[in-house]
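Please look over the sequence and the structure below before reading the report.

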Amino acid sequence: MLEAAIGQSASDIHVEPQMNKLVVRFRVDGQLQIWKEMPSDLHPQILSRLKIMANLDIAEKRLPQDGRFSIDTRQGTRDFRLAVVPMLVGEKAVIRVLMQDLARLDFNAVGYTENSIALYRALLGKKHGLVLHTGTTGSGKTTALYAAINFLRQSTRNIQTVEDPVEGRLPDVNQAQINTDIDLTFARLLRGYLRQDCDVIMIGEIRDTETAQLALQASLTGHLVLGTLHTNSAVGAVTRLVDMGIPHFLVAAGLAGVVAHRLVRKLCPMCRRQNVLPTALTTQYGLKPGLQVYDAGGCNECNKTGYRGRTGIQEIFTLTGPIREAIVSNQPEKVLQQLAIQGGMTPMFYDGAEKAAAGVTTMEEVYRAVVSDA
């Protein structure tokens, strides 16, 4: 099962007990698909084996448990994260296939365009400030953070991270994982980091007001701080921070920029088909009339889906003087969006449209990822 998931480039494995059977599904390119249906009497054996591999309590079946394990496969050693939760008909297990070769992640792998790379490098070149990555769960925020850390890694910098959990090991980076059982939280680790002579601090997720305040305070005292936040747009990060109770002046002073992310499926290059976007859609979204785009086909290389792999679409919001003044004066999000576009931000939808015109993805994928989620 694990090797099959790796072979199909699955990101997650769902082991789901049902009334009369056991269903195993893989999430491939963001879509769940059934891998196998098995007799229900195999369920306790598979769950026990997974728990032993992850060093969990095989006798505990009433409470959620989580752990991680590694196995040697034909493709090399791979790491997995296991989460087990009791359901009505038995325990469900979800196994996350952790990323490989984290130390080789770069901006191109995340899906940044050349223009986006230039804007983002300018943000990362700052001596201090808070740079946020926003998006929904599974939108590529953590992958982008690791790519940023790889860009910043060098022997002259002290980089420290606080994560939940640590997705993978990075050389020359000091990584820590929170532990709520002993009250080792994001905020507690951050307070300790402020006395650790850090150059760069990476926060896996900003979940509460205390962590947000500490992140902004650290950004004002000579640290470059990278973190993630759950919002639907880049500009929406300002609203989210204010809603968390952060004063407008502190947001304006400490926030350097925001990158919003979504993931879209990549077209299979073997069977994609060129097409012209209908006039009604080009008019609706303000795109160039007669825009050449590509549609998904279907062949043996992509298992008849028309897609192979995923890539990111982004928008990068850089704070300028007028934007900081607008934040301090509590201007609405719509005004901030207009100022950001005037300052050079390409909205996420149009970043996706450029990639659709280049044959990377389809407008249907861009619409699903951006418009339907707005």
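The sections below describe selected contacts and pairings in this model, which is predicted.

## The α6 and α7 helix pair

Two packed helices are described by the angle between their axes and the distance between the axes. For helix α6, residues 186-193, and helix α7, residues 209-219, the axes come within 9 Å of each other and cross at roughly 20 degrees. Because angles under 35 degrees count as roughly parallel, α6 is roughly parallel to α7. The crossing in which α6 passes α7 is left-handed.

The contact is made by Phe186, Ala187, Leu190 and Arg191 on the α6 side, which meet Glu210, Thr211, Leu214 and Ala215 of α7.

## The mixed sheet

An open sheet is formed by 7 strands, arranged in the order β9-β8-β10-β11-β7-β12-β15, and the pairing within this sheet is mixed. The edges are taken by β9 (174-177) and β15 (307-318), each of which has a single partner strand, so that one side of each is left without a neighbour in the sheet. On average, and with direction ignored, neighbouring strands of this sheet are turned by 20 degrees against each other.

Within it, Arg265 has Arg310 of β15 as its bridge partner. Helix α13, residues 348-357, lies across β12 and β15 and runs at about 140 degrees to β15.

Notes. Residues numbered from 1 in each chain as written. Predicted model: local features only at pLDDT ≥ 70, side-chain atom pairs only at ≥ 80, totals over all residues. Heavy atoms only, no water. Axes fitted to C-alpha atoms, helices over the stretch in contact; angles between N-to-C directions. Helix = DSSP H or I, 4+ residues; strand = E, 2+ residues; numbered from the N terminus. Parallel < 35°, antiparallel > 145°, perpendicular 65-115°, else oblique. Left-handed = near helix turned anticlockwise from the far one by under 90°. Contact = heavy atoms within 4.5 Å. Pairing = 2+ DSSP bridges.
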